[in-house]
Amino acid sequence: MMVVIAGGIIVVYQLAGKPSCTGQATLRVAATPEMVPALRLAGDSISGRGEAVNGACAVIEVSAADPADIAAVLAAKESATLTGVGLPAGNIAIPDVWVPDSSTWLARLAGVSPNLSFPEAPSLARSPVVVAMPEPVAAKVGWPTAKLTWQALLTKMTTDTTMKIGTVEPSRDAAGLAGLLALGAAMTASPDGQAAATGALRSLAAGRSTLRQDLLARFPRSADPAAVASGLSAAALTEQAVVAYNAAKPPIKLAALYLEPAPLAMDYPYAVMPGIDAGRAGIASRLLQAARTESFQRQLGADGMRGPDGRPAQGFALPASAPEPAVTPAPTATERAAAAAAVQKTLATWHAVTLPARMLAIIDVSGSMLERVPTAGNLTRGQVTAEAARRGLGLFDDSWAVGLWVFSTNMVGPVDHQELLPIQPLSVQRTQMLATLGAIQPKPKGDTGLYDTILAAYQAVQKDWDPGRVNSIVLMTDGDNDDDNGVSLTQLQDKLKTLADPKRPIQLIILGIGASVNAEPLTSITKITGGGVFVAKDPANIGEIFLKAISLRSGQAS
């Protein structure tokens, strides 16, 4: 039986009446497309031969699914979203077994809900992440003999204007994310620091594609030098994608460059959904056994993939210069946690750079912002906050429209806020914005007119709402509202409920500075407006929290 569905083909393997089983148990498997042939073969070895599992007739349905789509459905089930993935599209059902291309999907899901944890998800196959280059371009950098590092690639991205670097949107593509993580590590080590990071991320953003096939179509389609010069020069892809591309005999083949240090490989985890019944769990266990057989490994080789230990599967011809790694040890719990944190930070930075925005930044200048921060060289909270905003500004390109307010109490007569710069493109006021941030001084005896300021800011941003941008307010404060002459929390909530318009969304992002910040009332406000609350208990961490908060401008938690 074959049923065509959106997003792939479901192949149903079914028992035709066998006396050894009674009833029927169906296992639904959703897999990244390159794994479907091997899993079909494994499924056929069970249900095609009429095996009974726990006494029931086994039926196995294997469907191709974009990992981002399944991740979106799973997150939505827990009322959560993943950065850059958004809400699920269409009527995509949650499978019994999910085989995405990378364990990073599992780590990202576990990061948004403890109910989305898969402690046992063994690898079925492996495919290294490489930098794919047209062979003539690769030859110019020494392929296939020379070894290229991510640091060297970063230098080329920021200095060689002829290099056209592409990526599949890293929020939705695990190989693109692995390449971004590797570049991120090189950026951290770069002597140019943030300048190198910003330039590289903007270069990647200019060359990104939503779908892998769209990216592949941008590689040169002719051996003509002009076509090579105008086509895509490099992109992070899986080894399997390069092998499949070259198998189609394109006019110019792609070279797979194995950069050092090696990025996270695609490991195709076998994730059984928690809570499935015993019958389906038994079939899932039996299918996993079938995925360890020689016939399964041969199919992997035919499809351009390696075995789970990283060694080439039988029948797989390694690309030129490809390593033949030994067994890769499973990461420890600490390593998995570190990797998940790196993913979160990297995606937050990516979205800070790539999402077009119209943002009003608001900084608390009440007297408590004069408090010293021992973990930040004894700078004041105000200085630490202004520096975090200044560094964040360096990530935003000139298309960003940004305004700046400060607030305390009675800043301009009885008004608790003061506009320092209106919301305008950074192309016309970046220098002035940097100078203004550097000159901000807390008001020694000022209190915190928080609720009046939030209301005024929401009304101001709503007045000139821009449909072509993410409209947001980012407010940084170290205290609770203590303005006796302003609106109460209940009054603010009621007014925001009246003002909020789902067709004209405004994200309110509140950054709490210090352990004394009470997040509960702030969260009740952002539940009305959209956005979120982040608290840096140690004010020295406000820069990192700032990046995480900026990623919420899409309306999605990271």
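Rings of Phe, Tyr and Trp (its six-membered ring) pair if their centres lie within 6.5 Å; planes under 30 degrees apart count as stacked, over 60 as edge-to-face and the rest as tilted. This is a predicted model, in which local features need pLDDT of at least 70, side-chain atom pairs count only at pLDDT 80 or more, and totals for chains, interfaces and linings use all residues. Residues are numbered from 1 along each chain as its sequence is written, and side-chain values use heavy atoms, with hydrogens and water left out.

**View 1. Aromatic pairs.** The whole structure holds 2 aromatic pairs. In one, Phe219 and Tyr245 have ring centres 6.2 Å apart and planes at 65 degrees, so the pair is edge-to-face. Phe219 sits in the loop between α8 (212-216) and α9 (225-230), and Tyr245 in helix α10 (residues 239-247), so the pair ties together parts that are 26 residues apart in sequence. Helices (H or I, at least four residues) and strands (E, at least two) are DSSP runs, numbered from the N terminus. Phe219 and Tyr245 are both buried; that means under 20% relative accessible area, with exposed over 50% and partly exposed in between (1.4 Å probe, protein chains only). Phe396 and Trp400 form a stacked pair, 3.7 Å centre to centre with 5 degrees between the planes. Both of these residues, Phe396 and Trp400, are buried.

**View 2. Two nonpolar cores.** A nonpolar core is a set of buried Ala, Val, Leu, Ile, Met, Phe, Trp, Tyr and Cys residues joined through side-chain atoms within 4.5 Å. The largest has 65 residues, and Met133, Leu257, Phe396 and Leu511 have the most contacts inside it. Helix α6 (residues 174-189) gives the most to this core, with 5 residues. A second, separate core has 56 residues, among them Met35, Leu106, Leu109 and Ala291.

**View 3. The six-stranded sheet.** This open sheet of 6 strands runs in the order β17-β16-β13-β18-β19-β20, with mixed pairing. Two strands pair if DSSP finds at least two bridges between them. β17 (415-425) and β20 stand at the edges with a single partner strand each, so one side of each is left without a neighbour in the sheet. The twist averages 15 degrees from one strand to the next; axes are lines fitted to C-alpha atoms, for helices over the stretch in contact, and angles run from 0 to 180 degrees between N-to-C directions. Strand β13 (residues 357-364) and β18 pair in the parallel sense over 7 bridges. Ala361 has Val474 of β18 as its bridge partner.

**View 4. Strand β19 and its neighbours.** In strand β19 (residues 507-513), 7 of the 7 residues are buried, so the strand is largely enclosed by the rest of the structure. Gln507, Ile509, Leu511 and Ile513 point one way, and Leu508, Ile510 and Gly512 the other way. Strand β18 (residues 470-477) runs parallel to β19, joined by 6 bridges. Another 6 bridges join β19 to strand β20 (residues 531-536), also parallel. Gly512 is the bridge partner of Thr477 and stands opposite Val535 in β20.

View 5. Thr167 lies in strand β8 (residues 165-168). Thr167 is buried, with a relative accessible area of 2%. Beyond its neighbours within four places in sequence, Thr167 is in contact (heavy atoms within 4.5 Å) with residues including Gly176, Leu204, Arg208 and Trp350. Thr167 and Gln151 are 16 residues apart in sequence and 17 Å apart in space, C-alpha to C-alpha.
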